[in-house]
Amino acid sequence: MNRHSIVNILGSDYIIDTFTTKVALSDKDSYIVKIKSVDYFVKIFKNNIQFMNEIKSLEILRNNSFRNIPELIDTIPSKRIIIQKKLIGSSWSDMLFKISKAEKKRITIKIAKTLSELHSIDTDNCYGIKYKSLNALLRSEYENFQVLYKRKLSNNSFYTKVYDYLLDHIQSDYIESRCNSKKYFVHNDLWSGNIFISTSPEKKIVFCDFERAIISSNLVDISRIYTRGLVSRNYYKPYSLIPDDYLWEIFKEYYFQSITDIENSIAFIKSILYSVLRTINYYIKLSMSSDNKIYSNSANRISNALLMYLKERESS
């Protein structure tokens, strides 16, 4: 997309000086745009449901005095556009392996306290955000995985064994098991890339991208922190679903509720399965619309990590 296209999308109210492409995803395109010498973050959604959910979520969070979110400048509903003030700082993903152990601890404590504040929001004040049980979330992603497996992956002899194992064991051990949990407002995609360490005008944790926010179990967010919130992106290292032990213990200590032994609970394992299957499905879908093998490789790496995780659960 060029400067002229951005001008046409935003309209005559915005004078575009410069822009740079930030990232293009399957569900939205995001850009850094300089408007009248001020940098803004522009998100153009391809899905109206996610666009509306992000707007509603940010409104609810502001009304509940949750300030650890990007500053909303404007919305253009007819074009599914959200304009936010550009954040100054770095994503947690980019910082994780560049800072000292003491600094990691300090930031992990802040993440735990910020998530505690998010999960303390009264769900009675979250009108318009859908409730989805943990059981329903896992079943939905499992069924999506079944469909995608048949369409895309069944011709790969090596990974057929991996995917067959996942389908069989998730179905027999977890899909039919029921678990009830208290309702929370949850981010629903709280991995290290959606956690931002803002440095200006003040140092604070900022949670980004609320388009998937729902009312559900708090374990939806905690399991995402467990599997992808305390590690950085690295395509050249084996994918693991196990976090840094030290940072995980710090997180558990400072989260506002006791989660000392959650690793062995069925509800926590189900939330991990939901989160990881959704990530696998995301990469499979991308691989179906692109010749770039990084997407299919990512799906395979994550699937193999999930297989190892389940086998470790079996042996423990």
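Asp209 is buried, with a relative accessible area of 17%, where buried denotes under 20% relative accessible area, exposed over 50% and partly exposed the range in between (1.4 Å probe, protein chains only). The structure is a predicted model, in which local features need pLDDT of at least 70 and side-chain atom pairs count only at pLDDT 80 or more, while totals for chains, interfaces and linings use all residues. Residues are numbered from 1 along each chain as its sequence is written, and side-chain values use heavy atoms, with hydrogens and water left out.

Asp209 is located in the loop between β9 (204-207) and β10 (214-216); helices (H or I, at least four residues) and strands (E, at least two) are DSSP runs, numbered from the N terminus. The phi angle of Asp209 is near 60°, a positive value in a residue other than glycine. For Ser65, also not a glycine, phi is likewise positive and near 60°. Ser65 belongs to the loop between α2 (48-63) and β4 (72-76) and is partly exposed, its relative accessible area being 45%.

Helix α7 (residues 219-229) is mostly covered, with 11 of its 11 residues buried. Among them are Leu219, Val220, Ile222, Ile225 and Tyr226, as well as Asp221, Arg224 and Arg228.

Arg224 of this helix is in contact with Thr279 (heavy atoms within 4.5 Å). Thr279 lies in helix α9 (residues 266-288) and counts as buried at 12% relative accessibility. When neighbours within four places in sequence are left aside, the contacts of Thr279 are Arg224 and Ile302.
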